[in-house]
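Thank you for making time this morning. I would like to walk through one structure with you, going from its domains to a few individual residues.

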Amino acid sequence: MRHTTRPSIAPAGNAIAYIVRDGGYPYAVQAALEDGKLGEERPVQLPVDGPVTRVLHSPNGKWIACEVSPKGSERLETFTVSTDPAVSGATALRNSYDAKTTLVEWDGTHLAMDAVASDGVSEARLVDPESSRYLVMDRRSDAVLVSSEAGFCLMRVGPRGNRELLLVTPEGRWMPLLSPQPGANTEDGHILPLGDDRIVVLVATDHNAERRRILRLVVEVDPETGRPRCLEQEDLISAPESDVDEFIISEDSTTAAVLWNHDGVSSLEVLALGEEQRVQVRRTVELPGMVAFGLSITDDGGMLALTVEGPNLPPTVEILRLEAGRVEPLDPDRSARLEERSRAGRLPLPELVHYVARDGLELSGWLYMPDDEHIGQAQEAEPSTAQRPARPVYVHLHGGPEGQSRPVNHDILSQLVEAGITVFTPNIRGSKGHGRAFSHADDRYGRFAAMDDVADTVSFLLDANLAEPGRVFVGGRSYGGYLAVLTASRYPELFAGVIDACGMTSFETYYESTEPWLASAASPKYGYPMHDAELLIEISPLYKAEQITSPVLFLHGENDTNVPIDESQQLFDALEAAGHSPQFLVVPGEGHQFVKPKSRQLIGDKMLEFIEQINACVD
């Protein structure tokens with residue numbers, strides 16, 4: 001099924017670029033926007049075989065910058081291509097010593113991008129697309145450029161789960177935007193020039209709060225010392241029960257858009273701004289899908305693009321006109337068709353349910369119950385319901401660990417539900433979207449409580465008569481796969497089978513084999529090699545192989561550089577040595593993300609076969 005995602009609307013509103021997935025690796029296309037209509041798509045030709053992960057229009061409309069993951073690896077590469085159909089070729093934006101280059105935004109006529117060397121040192125660069133020459137705005141270890149404007153830039157620093165933003169001046173002076181605060185995350189921001197050596201910085205943060213909101217800071221550069229200093233700080237917009245997922249502001253500062261996350265469901269607000277970014281009007285825009293992401297806005301704030309999706313709606317780019325007093329889709333008929341398609345989907349919409357962990361902490365999750373009228377035709381040829389094995393339940397754990405289970409368009413899980421399998425996607429402690437304290441509740445030694453949460457999830461399903469003993473399966477991708485096998489070693493009696501998709505199995509080998517910037521980011525969540533050596537052994541599934549008695553299916557992309565394939569292989573070997581018979585599917589041409597439709601179909605088929613074979617053998 002065709003997906004369109006991650007739009008970048010041209011600043012003048014006359015063109016758009018986005019990513020398409022309809023066969024092999026996702027690729028970039030560009031199209032004109034003329035008289036309110038989307039023109040014919042033109043694929044962007046790039047010299048790298050791999051999924052495109054981001055596109056960015058230049059302010060003058062001459063260039064599109066593209067970010068690509070070669071063969072699905074973590075080592076991203078960036079290119080510029082002309083928007084002129086008569087001009088072919090792509091220019092690579094990297095040095096020989098760059099391990100990874102990522103796009104940030106356009107700063108006037110130059111492209112702001114982040115380049116990371118193999119030793120983890122990051123350079124914030126301003127690149128001239130005409131000559132490919134660049135200026136280094138800042139250089140520091142384990143940092144990420146998040147915004148650049150008028151010579152100023154914002155650098156994200158600090159360990160995972162405790163991020164801060166540094167403001168760097170054109171002269172290279174820098175300051176932390178907010179005071180240090182353990183457990184606070186300040187990761188995203190936009191710079192707005194005010195003149196007279198002053199700027200406004202809008203940041204998304206949970207600093208001094210439980211929920212992520214937008215702060216407005218006015219910063220002045222001291223004319224004598226050249227050092228920046230904060231003059232004002234105030235909340236621009238917040239919500240007591242929701243987090244800011246994304247926000248964007250138009251170049252003329254008249255319009256902003258905010259995507260809120262409330263229990264995993266997105267809501268879109270469009271803000272009309274006055275002087276000093278004061279919010280004059282807030283308008284809520286109805287979305288045709290339950291989840292949205294990837295905001296892009298024109299310079300004058302007259303047009304907005306984003307991606308929407310839902311359980312019955314594949315990711316689709318939506319374009320909205322933002323006129324005085326109303327917000328409407330570029331093509332109203334298309335939006336209506338999308339909404340009708342979502343409502344008429346084959347699967348029943350999931351239900352958000354809440355339950356309580358053993359220590360009293362409230363957890364939640366999305367319950368996908370098969371509807372017998374929607375179960376696939378293949379099952380119609382099977383014996384009557386009375387003769388079939390009881391319905392299995394698959395508990396799917398999200399990645400992260402600070403990810404979140406949301407009502408997205410998950411084709412693999414949909415395949416299981418269509419086959420008659422109940423799917424539950426919990427948000428245990430550590431998940432985002434439930435407040436700052438909740439997201440830190442599984443850090444390091446909190447991992448044991450996270451395992452207990454998975455067991456308590458199974459208990460809830462059993463007590464609610466949503467599952468039967470001996471028919472509960474657990475699995476996930478990345479952290480979710482890791483936690484699945486780890487929990488199966490702690491509670492071996494709970495699970496009929498385990499599915500581990502590219503999860504870590506030993507932190508000793510993972511820290512040595514993954515990319516250095518990923519190893520550094522993982523330590524605050526799981527444990528530090530020196531200070532937490534015993535903990536890391538205790539929470540490494542590799543050393544628990546004899547305790548994992550449930551059948552295990554491993555899934556791993558052959559090109560994964562985030563969690564190298566040896567992580568799955570070594571636990572597979574250890575389980576065989578312990579007398580078990582695990583299964584292993586190597587997914588060709590994929591990295592840490594499974595992006596090709598044929599790969600996802602292969603994975604879905606294998607998971608379904610694994611679950612149904614075991615379930616059929618349960619007495």
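Predicted model: local features only at pLDDT ≥ 70, side-chain atom pairs only at ≥ 80, totals over all residues.

As for annotation, an unreviewed UniProt entry lists residues 416-613 as "domain: Peptidase S9 prolyl oligopeptidase catalytic". In the model, that stretch is 45% helix and 14% strand, and its end C-alpha atoms are 14 Å apart.

The domain assignment of the chain gives domain 1, covering 147-238, and domain 2, which is made of 351-380 together with 389-616. The C-alpha centres of these two domains lie 37 Å apart, and 15 residues of domain 1 are in contact with 15 residues of domain 2. Between them, domain 1 and domain 2 bury about 940 Å², with 40% of that area on carbon and sulfur atoms. On the domain 1 side, the residues that lose the most area to domain 2 are Arg 160, Glu 210 and Arg 211, which together account for 65% of what that side buries.

What does the polar side of this interface look like? There are 11 residue pairs in polar contact across the interface of domain 1 and domain 2, counting pairs with both residues at pLDDT 80 or more. The salt bridge count between the two domains is one.

Arg 160 forms a salt bridge with Glu 402, and the closest N and O atoms are 2.7 Å apart. Glu 402 lies in the loop between strand S32 (393-397) and helix H3 (411-418), whereas Arg 160 lies in the loop between strand S15 (152-157) and strand S16 (164-168), so the pair ties together parts that are 242 residues apart in sequence. The two partners also fall into separate accessibility classes: Arg 160 is buried, at a relative accessible area of 17%, while Glu 402 is partly exposed, at 25%.

Turning now to the structure as a whole, a search finds 37 salt bridges. One of the salt bridges joins the side chains of Glu 123 and Arg 139, at 2.7 Å from N to O. Here Glu 123 belongs to strand S12 (residues 121-127) and Arg 139 to strand S13 (residues 134-141), so this pair ties together parts that are 16 residues apart in sequence. Glu 123 is buried, with a relative accessible area of 6%.

Another salt bridge brings together the side chains of Arg 216 and Glu 234, at 3.5 Å from N to O. This pair links Arg 216 in strand S20 (residues 213-221) with Glu 234 in strand S21 (residues 228-237), 18 residues apart. Arg 216 is buried, with a relative accessible area of 2%, whereas Glu 234 is partly exposed, at 25%. Both belong to a network of salt bridges that links Arg 216, Glu 232, Glu 234, Glu 276 and Arg 278.

On the backbone, which residues have a positive phi although they are not glycines? Asp 142 is one of them, with a phi of about 50 degrees, and its place is in the loop between S13 and strand S14 (144-149). Ser 253 is another, with a phi of about 65 degrees, and lies in the loop between strand S22 (243-249) and strand S23 (255-262). Asp 142 is partly exposed, with a relative accessible area of 34%, while Ser 253 is buried, at 17%.

Last, I would point you to Leu 571, which lies in helix H10 (residues 566-577). Is Leu 571 buried or exposed? Its relative accessibility is 0%, and Leu 571 therefore counts as buried, the cut-off being under 20%. Leaving out residues up to four places away in sequence, Leu 571 touches Val 485, Thr 505, Pro 541, Leu 542, Ala 545 and Phe 554. By contrast, the C-alpha atoms of Leu 571 and Ser 82, which are 489 residues apart along the chain, are separated by 47 Å.

Definitions and conventions. Residues numbered from 1 in each chain as written. Heavy atoms only, no water. UniProt positions renumbered as here; feature names shortened; annotations may be inferred. Helix = DSSP H or I, 4+ residues; strand = E, 2+ residues; numbered from the N terminus. Salt bridge = Lys/Arg side-chain N within 4 Å of Asp/Glu carboxyl O. Buried < 20%, exposed > 50% of the residue type's maximum accessible area, 1.4 Å probe, protein only. Domains from an automatic or database assignment. Contact = heavy atoms within 4.5 Å. Buried area = accessible area lost by both parts, 1.4 Å probe. Polar contact = N/O pair within 3.5 Å; in protein donor to acceptor, adjacent residues only side chain to side chain.
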